[in-house]
Amino acid sequence: MVSCQKDTEAFLPTEKFNSIFDNPTEGQNYEPIDVAQTEDGGYLILASTNSNQVFVMKVSPRGEFIWSKTMSSAYISPVGNIVKNQGNYYFIVSTLTDRTAVLVEVKDFDQIVEPLRNYTGYRRPLAFGYLNPDNYLLLTHNDTIGAVLSKIQEGFAMEWARGYDEFEEANSTLDDYLDSNTPEFFVGAYNNGSNIYFNTLRPDGMTMTYANDQGIETGRISATDGDGINSIITSNDGKGSFNYTLGNQSFFANGTNLANNDSTYISQLDGELQPDRLSNKKALSLSIELSATPYIVNAFTTVDGRIKLAFYSDNSRELSAIEYVGGNDPMEVVKIMATEDQGLVVLAKIIMGGVKQRISLFKIPKEEIVDLF
Amino acid sequence: MFRLLYCLFFLFPVFNIQAQSTYDRLNKNPFKQTQWYIGVRGGANYNLVNPINRHSVIKPTNDLDEALYEKSYQSVENIGVIYGLTAMFQFDQKFVVGTNLSINQVRFNYLQDLPADVNSISFDHQHDFQYFDVPVFFRVMFRPATNRFWNNSSRKPKVPAIIPFLQVGLNFSILMDAEKSVERSISQDGLKIQDLSFSENVDELLNPFTAGIFAGGGFRFRLGNIYLTTEVNFRQGFSNVTDTERRFANQNLIDNAYDVFDDKNFQSFEVLVGILVPLKYLSTKEFIPIEI
């Protein structure tokens, strides 16, 4: 029959793309870490190589390769998030010699990636993020006291730093924990920086700590053994959505009151079981708005190696739509991000043919998301 | 002698009047001065792909490696078939206009590799598209111009038995069906295994209408009251066969073959043999066709 009608939605190339970035060097693999949308509509991807080097790549709004830089081997173990300040982009790495936290500046236009500032004495960075649009939070793991939270000002000077525990052999304890677990370290804030949260290893186990705007602890959600919170998104109405693992099972607690002044246990989150989630891989949430209706997107890696995007109404908290992404080769979600044109960009890791661990970046346009409902 | 002269003087005009009548009947009737033909034709084509803009799911992490991931269009296994009907109108001894209604099979394939010294992945993409072609063409036949009028002895004008011709035309194609098959092979330490194979209909990824031009030549042979034609044409598409707005529409191809179509048009060489049957006859009883 003559083919004149088409059932699928049409998209301009800028609205939808799918990219996998390969390197022909034998044995070269990548661990994607974060992605940020740049001012020109393109994307900046942060990754580490299998030799733990820092790799930064810029791609166009259509997902095409633009430029890349691999930093000197003197800098290792990049951590997200990528933050933006006055047209440039920043993230944190460690020095090879003593794991000192180093701020790295990315000048997109000039294609320059260079260390900008050493936070001497603040070692083993675990997470970096916004306190508010002008200030940042740095979570490190000091080798004598464990978790240290620092406020970084707009000019990247450190304003304050808080330690939390007496933590003997903090470094080796974290190393031992990482040998048998895959925890997620993160830091962030809500209510325009009035409330801070961070997730890291504390003496009793992985703990999500609440703090005030000076970093003073106000509450916590504790976990033991290999349990822990994987991700959180917060809203200004004092609620949050949590992905967490408990007893080797995965849960999603959507719209839970943020008990930032209480000390609770992870079991009290009372989330919904996610039986198809691979519990030792990332799970992330994101608030989006479609046609003036707010939704929560929960993304995780499924047991069959695909990425599941579950869309929940932010009003009713009911599951509204599901989208699976991925094929024969296993994929793992790393980051989901709303784009300026209300699409979704997903940064993922893909293992091609069982031999090549690569960075995948794809965009789902708004129209395709709307069609899911 | 007188009687003989008398007969010649009076009877010649009679014969002349009779010859004039045949002359008028056969040669001055405009209907007899053109010819229509219908026929069938079939043959093979050899197709080449001309990429306009390259697109790929697989991209480099270094600008020096960019060319590694371009599709490598192959020059083998690109032979398809073409067959259908033809209709022509000869309005002059040397000029013909015509059209064809043809099914045109376009086959092509490309390889895409994720290279490495020891562990590499390669994809083999085979395509089989079917188009319904409606070309219009203008044909010039190389033959001596002869008096198309029958001579006074009422003998048929002499038309060469073999006439070479050249032709040019516009081609309009409607997509009927597009199938694609993909095979993936993984090479590890010198051992190559095929680990994935599947086929997909890819109609939705292509423009339903395309156009192009063609030029070629051939010969027309007279076989009794019909004609055998042989022709060789070169076709050049000038519109993009890929639907740019649906490049990412086939999720299975993207997820498992990491494939999206380049923008491209086709070039092809085709060899055809046809039979032409004239539609206008001098005598329907004896099937004597008009030859001009």
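Predicted model: local features only at pLDDT ≥ 70, side-chain atom pairs only at ≥ 80, totals over all residues.

Q: How many helices and strands does chain B have?
A: Chain B has two helices and 13 strands. Of its 292 residues, 31% count as buried.

Q: Which share of the contacts in chain B join residues at least 24 apart?
A: Take the contacts in chain B between residues at least 6 apart in sequence: 72% of them join residues at least 24 apart.

Q: Where in chain B is the predictor's confidence lowest and highest among the elements?
A: The general idea is that pLDDT gives the predictor's confidence in each residue, from 0 to 100. For chain B the mean is 86, and 84% of the residues reach 70 or more. Among the elements of chain B, helix α1 (residues 2–27) has the lowest mean pLDDT, 47, whereas strand β10 (residues 226–237) has the highest, 96. Over residues 4–19 of chain B, pLDDT stays under 50, and the model has one contact beyond four places in sequence for that stretch.

Q: What scores does the predictor give the complex?
A: The complex has an ipTM of 0.86 and a pTM of 0.86.

Q: In which sense do strand β1 of chain A and β2(B) pair?
A: Strand β1 (residues 17–22) of chain A pairs with β2(B) in the parallel sense, over three bridges. One partner to look for is P60(B) in β2(B), which is bridged to D22(A).

Q: What is the order of the strands in the open sheet of chain A?
A: In a regular strand the side chains alternate between the two faces of the sheet. In chain A, four strands form an open sheet in the order β6-β7-β8-β9, with antiparallel pairing. At the edges stand β6 (75–85) and β9 (112–123) of chain A; each has a single partner strand, so one side of each is left without a neighbour in the sheet. From one strand to the next, the twist averages 25°. Strand β8 (residues 100–107) of chain A is joined to β9(A) by eight bridges, and V106(A) stands opposite V113(A) in β9(A).

Q: How many residues lie between the strands in the hairpin of β25(A) and β26(A)?
A: Five residues lie between them, and R317(A) takes a positive phi near 65°. The strands β25 (residues 307–313) and β26 (residues 319–325) of chain A run antiparallel and are joined by six bridges. L309(A), for example, has E323(A) in β26(A) as its bridge partner.

Q: Which residues have the most contacts inside the largest nonpolar core?
A: In soluble globular proteins, nonpolar side chains tend to be buried together. The largest nonpolar core here has 133 residues, and those with the most contacts inside it are I45(A), L138(A), L139(A), A299(A) and V346(A). Strand β28 (residues 344–352) of chain A gives the most to this core, with six residues. Apart from this core lies another, of five residues, among them M88(B), V96(B), Y227(B) and L276(B).

Notes:
Residues numbered from 1 in each chain as written. Chains lettered and ligands numbered in written order. Buried ≥ 20, exposed ≤ 12 C-beta atoms within 10 Å, placed from the backbone. Contact = placed C-beta atoms within 7 Å. Pairing = 2+ DSSP bridges. Core = buried A, V, L, I, M, F, W, Y, C linked by C-beta atoms within 7 Å. Axes fitted to C-alpha atoms, helices over the stretch in contact; angles between N-to-C directions.
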